[in-house]
Amino acid sequence: KAFVMDGDKSDFEEEIALEKSRVKRSVLEALQEERKKLPIYSFRDELLQAVHDHPVLVIVGETGSGKTTQIPQYLHEAGYTKHGRMIACTQPRRVAAISVASRVSQEMGVKLGHEVGYSIRFEDCTSKKTILKYMTDGMLLREFLVQPQLESYSVVMVDEAHERTLSTDILFGLVKDLAPARPDLKVLISSATLDAEKFSNYFDLAPIFKIPGRRYPVEIHFTKAPEANYLDAAIVTTLQIHATQPPGDILVFLTGQEEIETVEEILKHRMRGFGTKIADLIICPIYANLPTELQAKIFEPTPEGARKVVLATNIAETSLTIDGIKYVIDPGFCKMKCYNPRTGMESLLVSPISKAAAKQRAGRSGRTSYGKCFRLYTAYSFLNDLEDNTAPEIQRTNLGNVVLTLSCLGIENEKLFQFEFMDPPPVEAITKAVELLYAQNALNVGGKLTKVGRRMAEFPLDPMLSKMIVASEKYKCSDEVISIAAMLSVGNSIFYRPKDKQVHADNARMNFHTGNGGDHIAHLNVYNSWKESNYSTRWCYENYIQVRSMKRARDIRNQLAGLLERVEIELTSNSNDLDAIKKSIISGFFPHSARMQKNGSYRMVKNLQTVYVHPSSGLTKVLPRLVLYNELVLTTKEYMRQVTEIKPEWLLEIAPHFYNPKHFEELSSKKTQWM
Ligand code: ADP
Ligand code: MG
């Protein structure tokens with residue numbers, strides 16, 4: 001009998017296997033049909049000819065025309081991947097790199113990570129088989145450190161060039177420089193906007209290939225009066241559209257994860273209030289830290305009778321195209337990095353978008369039929385308050401990482417100032433970066449890379465974090481310091497604080513602050529306790545810790561441990577010596593020091609700016625006299641996030657080029673308080 005059953009089973013399994021392959025084939029066929037409907041398809045041969053004829057080609061096409069997903073496939077079909085050579089396609093955002101790679105792997109009917117893969121910081125989903133490699137622009141930049149001539153690539157496509165991220169701008173200079181040495185390399189610069197002349201001029205008048213897009217008219221609505229609270233306005237508008245407008249999905253542009261989660265929560269609550277009186281509203285968030293498995297949800301077709309609302313950051317402006325969007329809600333803001341080269345202060349700031357971005361956002365509603373865009377600001381504000389374009393990131397960021405990377409490539413000293421930037425950064429910004437790297441011992445007096453600098457460059461981190469890690473060798477606490485670095489790299493999603501359990505969550509959080517005077521050490525305590533619980537999920541729930549973030553931290557930590565080995569720093573633990581750990585942190589972050597003022601605010605020791613302890617810090621109750629912070633965020637005030645108590649003598653000992661005793665006179669006159 002058992003024999004018969006076995007036979008049945010294998011028949012059955014065979015049947016399932018057959019059915020599976022039939023489904024797979026029909027899905028593939030359907031995807032191939034879809035590919036042919038994209039605007040770019042009718043230009044396939046012309047495009048391949050142009051690539052064949054020119055070493056550098058600028059490609060312009062509306063978002064959604066098929067540039068990112070199709071061009072690498074066309075090139076592969078045309079033989080550019082022979083002999084295992086790769087086609088690189090860069091994306092400014094890691095979510096876009098993952099999402100597009102996953103789509104292309106489906107279209108090609110291969111497993112993600114095999115022929116089609118992606119590479120983002122701390123996550124390499126490629127293999128020996130990989131020929132189409134979607135990667136963040138930052139990762140291609142790092143590739144130059146390993147193979148300065150990019151030998152394993154036949155084509156480099158710098159996609160979303162209009163975004164002008166820092167890494168993209170540096171890539172422009174490097175690939176331009178590379179051209180004479182690599183006559184066989186094809187460089188494609190692709191962009192969604194029409195100011196392609198600028199790219200063409202920069203690349204010695206490279207030809208421009210235009211892909212005409214399909215576009216339907218978009219009706220634009222402005223508010224009559226300025227909105228006091230754009231989140232409220234966005235929620236009300238979403239519900240109004242849902243209740244009164246014909247079918248079609250909604251896309252709302254918000255500035256970050258926190259806003260998206262708030263809006264999601266309120267929308268869910270309001271929808272519950274309506275009960276069955278109103279059609280289903282499917283809420284899909286999308287932002288950089290959203291776990292990969294949840295990201296695919298935004299692309300799932302909306303069921304009949306329901307409506308989808310996508311709550312997105314800037315990522316949906318050009319990088320991702322979601323079919324079916326008919327209504328766009330644009331509050332007019334995005335999060336932007338701002339840097340003051342004079343003070344060396346960098347912070348993230350919610351800022352008004354540009355007119356160009358507003359137009360791009362509106363356009364997302366008119367892709368498949370006519371659309372509507374609701375701008376939550378006045379027409380007057382659009383005309384008078386918004387800039388035409390956003391300044392490229394290179395002009396509003398700290399250049400520490402760029403200078404370190406370029407130095408590794410032999411672009412040092414005066415060569416840094418001669419580097420051919422498309423839009424040069426302020427000279428002070430370069431000088432400031434060089435000075436800081438010098439104070440960190442990464443560059444010597446002659447501006448040349450030191451051993452410390454070379455080791456720092458191995459880490460895909462901001463130089464402050466890399467220096468902290470490299471310095472941990474001296475203080476014999478590399479084990480602890482890479483845990484802290486990993487936790488800081490995960491971002492601000494470690495602690496979970498549900499609205500109805502805030503008190504519990506805050507108490508749980510304070511348990512990790514055991515008189516050690518700082519958020520950095522608290523992060524270490526969280527990591528170590530989780531490790532002691534044997535990486536338990538239950539432990540995370542009990543302590544209001546996000547298990548996903550912890551897993552990511554563990555992953556990053558493992559990679560940092562691997563990199564330690566590469567730079568030959570031993571993994572040593574010194575967990576009882578918190579001073580040693582703090583000194584390692586100071587070795588990287590010494591410019592971020594601030595002293596308390598009488599009113600409870602802080603003042604940066606070097607440049608005298610006023611700053612505050614972020615309410616999320618464990619240090620809000622007992623304020624130490626001197627602190628060091630990880631980063632600044634500007635909301636209503638300039639806030640320090642992740643704050644740790646330090647001592648003035650440590651700063652003098654570790655950063656003598658940066659501080660002198662005068663900076664601390666006031667503090668040391670009250671020295672007893674420090675002992
Ligand atoms: P472009 O780069 O020109 O903006 P894309 O190549 O990104 O255009 O997009 C082409 C089409 O592929 C769009 O219709 C888009 O909806 C679809 N697409 C892209 N990524 C995905 C995905 N992850 N899932 C489903 N569809 C996708
Ligand atoms: Mg694209």
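Me: Which residues does Val 58 touch, not counting residues up to four places away in sequence?

Reply: In this predicted model, Val 58 touches Ile 189, Ala 196, Phe 199, Ser 200, Phe 203, Ala 206, Ile 208 and Phe 209. In soluble globular proteins, nonpolar side chains tend to be buried together. Here the largest nonpolar core has 176 residues. Val 58, Ile 87, Ile 286 and Ala 485 are those with the most contacts inside that core.

Me: How does the radius of gyration of the chain stand against that of a compact globule?

Reply: A compact globule of 675 residues would have a radius of gyration near 26 Å, and the chain has 27 Å, which agrees. Along its principal axes, the C-alpha trace spans about 80 × 75 × 65 Å. Buried residues account for 44% of the 675 residues. The chain contains 25 helices and 21 strands. Of the contacts with a separation of 6 or more, 74% are between residues 24 or more positions apart.

Me: What span should helix α22 have, at 1.5 Å a residue?

Reply: Helix α22 (residues 547-566) has 20 residues and should therefore span 28 Å; its end C-alpha atoms are 29 Å apart, which agrees. Ser 549, Met 550, Arg 552, Ala 553, Ile 556, Arg 557, Leu 560 and Leu 564 are its buried residues. Their arc around the axis is only 155°, which puts them on the same side of α22. Gly 562, Glu 565 and Arg 566 are exposed, on the face turned away from the buried side.

Me: Against which elements do the buried residues of α22 pack?

Reply: The buried residues of α22 pack against α17 (463-471), α18 (478-490), α20 (519-532) and α21 (537-542). Just after α22, Glu 568 has a positive phi of about 60°.

Me: Where is Pro 226 found, and what is it in contact with, leaving aside its neighbours within four places in sequence?

Reply: Pro 226 is in the loop between β9 (218-222) and α8 (230-244). It is partly exposed, with 13 other C-beta atoms within 10 Å. Pro 226 is in contact with Tyr 377, Thr 378 and Ser 381, its neighbours within four places aside. Pro 226 and Thr 378 are 152 residues apart in sequence, yet their C-alpha atoms are 6.0 Å apart in space.

Me: Which residues does the UniProt annotation "domain: Helicase C-terminal" cover?

Reply: According to the unreviewed UniProt entry, that annotation covers residues 230-410. The span is 34% helix and 24% strand, and its end C-alpha atoms lie 48 Å apart.

Conventions: Residues numbered from 1 in each chain as written. Chains lettered and ligands numbered in written order. Predicted model: local features only at pLDDT ≥ 70, side-chain atom pairs only at ≥ 80, totals over all residues. Helix = DSSP H or I, 4+ residues; strand = E, 2+ residues; numbered from the N terminus. Expected span 1.5 Å × (residues − 1). Buried ≥ 20, exposed ≤ 12 C-beta atoms within 10 Å, placed from the backbone. Arc of directions from axis to C-beta. Contact = placed C-beta atoms within 7 Å. Core = buried A, V, L, I, M, F, W, Y, C linked by C-beta atoms within 7 Å. Rg over C-alpha atoms; globule rule 2.2 N^0.38 Å. UniProt positions renumbered as here; feature names shortened; annotations may be inferred.
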